[in-house]
Amino acid sequence: MTLSIGAHVDQSDPVAEAQARGTTLVQFFLGDPQGYKGPEFRYAGGAAGLRADAEAAGVDLYVHAPYIVNVATTNNRIRIPSRKLLQQHMDAAAEIGAKGLIVHGGHVNKSDDPAKGFDNWRKAIDATDCKIPLLIENTAGGDNAMARHLDRIEGVWQAIQAADGVEQVGFCLDTCHAWAGGIPLTEAVERIHGITGRIDLVHANDSRDAFDSGADRHANFGAGQLDPDEFAAVVRDAGAPVICETPGGADEHKADFAWMRERL
């Protein structure tokens with residue numbers, strides 16, 4: 001198979017970062033991943049310049065929403081700013097011509113009925129003008145998470161089917177998160193396909209920690225605890241573009257790309 005694989009890179013010059021890795025796709029943040037301030041364009045040419053330069057270079061851009069976005073929570077002081085922040089990043093990602101905006105599934109409080117979180121996801125999709133695909137990503141930790149366990153992912157997916165704009169919602173499968181979250185890699189693609197009918201992007205990451213540990217710690221390919229054959233099979237079977245979010249810079253990422261290509 002022809003593997004389309006890139007990496008999460010610094011946001012100041014994503015096109016140069018792609019070229020340094022010999023790839024045609026990259027992912028990055030727009031602004032502070034831990035802040036509510038809203039997106040910012042750190043590319044010298046601004047949003048229009050980044051869009052034009054990426055198109056000219058044949059580089060596909062993906063944007064990762066801030067980690068703090070949690071549209072599932074019953075806490076209004078988090079949920080309402082999260083929705084606002086999600087729309088701001090959606091607008092900014094669309095402005096640069098991104099292929100998708102990736103967002104974590106979030107969580108509810110320990111005492112909450114998970115169904116409230118599912119319905120909050122429906123409301124969030126209803127409230128968001130999805131100008132480009134919004135890709136919900138499975139997460140590694142937390143018993144109250146909306147996208148760690150398969151039954152919760154199914155709950156979110158069923159709930160959002162009633163939302164306006166659901167046709168713009170896709171799924172991002174993270175291999176480290178699946179492993180650390182307790183989803184066997186041998187089942188991950190088939191089970192996610194069974195729930196969502198689609199995998200739009202793969203976050204290919206090895207895991208420093210053990211199966212079902214709940215720990216979100218990425219490792220370079222072959223340096224973690226994932227079985228190499230099972231890891232490669234997820235990438236192959238998902239049949240989607242791949243972003244690695246592994247430690248290091250261009251050299252380490254190129255080594256990860258080569259490691260994966262050798263096994264496909």
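How many nonpolar, polar and charged residues does the lining of the second largest pocket have? Keep that in mind as you open the structure, which is a predicted model.

**Stop 1: the second largest pocket**

Select His104, Gly106, His107, Thr139, Ala140, Gly141, Gly142, Ala145, His177, Gly214 and Asp216, and you have the lining of the second largest pocket on screen. By class, this lining has two nonpolar, eight polar and one charged residues. The space inside the second largest pocket is about 190 Å³.

**Stop 2: the largest pocket**

Next, pick out His8, Tyr67, His218, Glu245 and Thr246, which are the closest to the centre of the largest pocket among the 18 residues that line it. About 230 Å³ of space lies here. Colour the lining by class and you will find four nonpolar, eight polar and six charged residues.

**Stop 3: the annotated domain**

Now select residues 16-262. An unreviewed UniProt entry places the feature "domain: Xylose isomerase-like TIM barrel" on this span. In the model, the span is 43% helix and 14% strand.

**Stop 4: a salt bridge within one helix**

The whole structure holds 14 salt bridges, so let's visit some of them. Start with helix α2, residues 46-57, and show the side chains of Glu55 and Arg51. They meet in a salt bridge, with 3.5 Å from N to O. What separates the two residues along the helix? They are four residues apart, which means about one helical turn lies between them.

**Stop 5: a salt bridge across the chain**

Move on to Asp91 and Lys131, another salt-bridged pair, whose closest N and O atoms are 3.0 Å apart. This one links distant parts of the chain, since the two residues are 40 residues apart. Asp91 sits in helix α3 (residues 76-95), while Lys131 belongs to the loop between α4 (114-127) and β5 (134-137). With a relative accessible area of 29%, Asp91 is partly exposed; Lys131 is partly exposed too, at 45%.

**Stop 6: a buried partner and an exposed one**

Select Arg148 and Asp143 next. Their side chains form a salt bridge at 3.9 Å, N to O. Is Arg148 buried or exposed? Arg148 is buried, with a relative accessible area of 6%, but Asp143 is exposed, at 59%.

**Stop 7**

**Stop 8**

Where is Asp212 in the fold? Look in the loop between β8 (206-207) and β9 (218-219). Asp212 is partly exposed there, with a relative accessible area of 40%.

Methods
Residues are numbered from 1 along each chain as its sequence is written. This is a predicted model: local features need pLDDT of at least 70, side-chain atom pairs count only at pLDDT 80 or more; totals for chains, interfaces and linings use all residues. Side-chain values use heavy atoms; hydrogens and water are left out. A salt bridge is a side-chain nitrogen of Lys or Arg within 4 Å of a carboxyl oxygen of Asp or Glu. Buried means under 20% relative accessible area, exposed over 50%, partly exposed in between (1.4 Å probe, protein chains only). On a 1 Å grid over the protein atoms alone, a cavity is a set of points where a 1.4 Å probe fits but cannot get out, and a pocket is an open set with protein on both sides within 12 Å along at least five of seven lines; lining residues have an atom within 4 Å of a point. Grid points are joined across faces, edges and corners, and a volume is the space filled by probe spheres set on the points. Ala, Val, Leu, Ile, Met, Phe, Trp, Tyr, Cys and Pro count as nonpolar, Asp, Glu, Lys and Arg as charged, and the others, Gly among them, as polar. UniProt positions are given in the numbering used here, feature names are shortened, and annotations may be inferred rather than shown by experiment.
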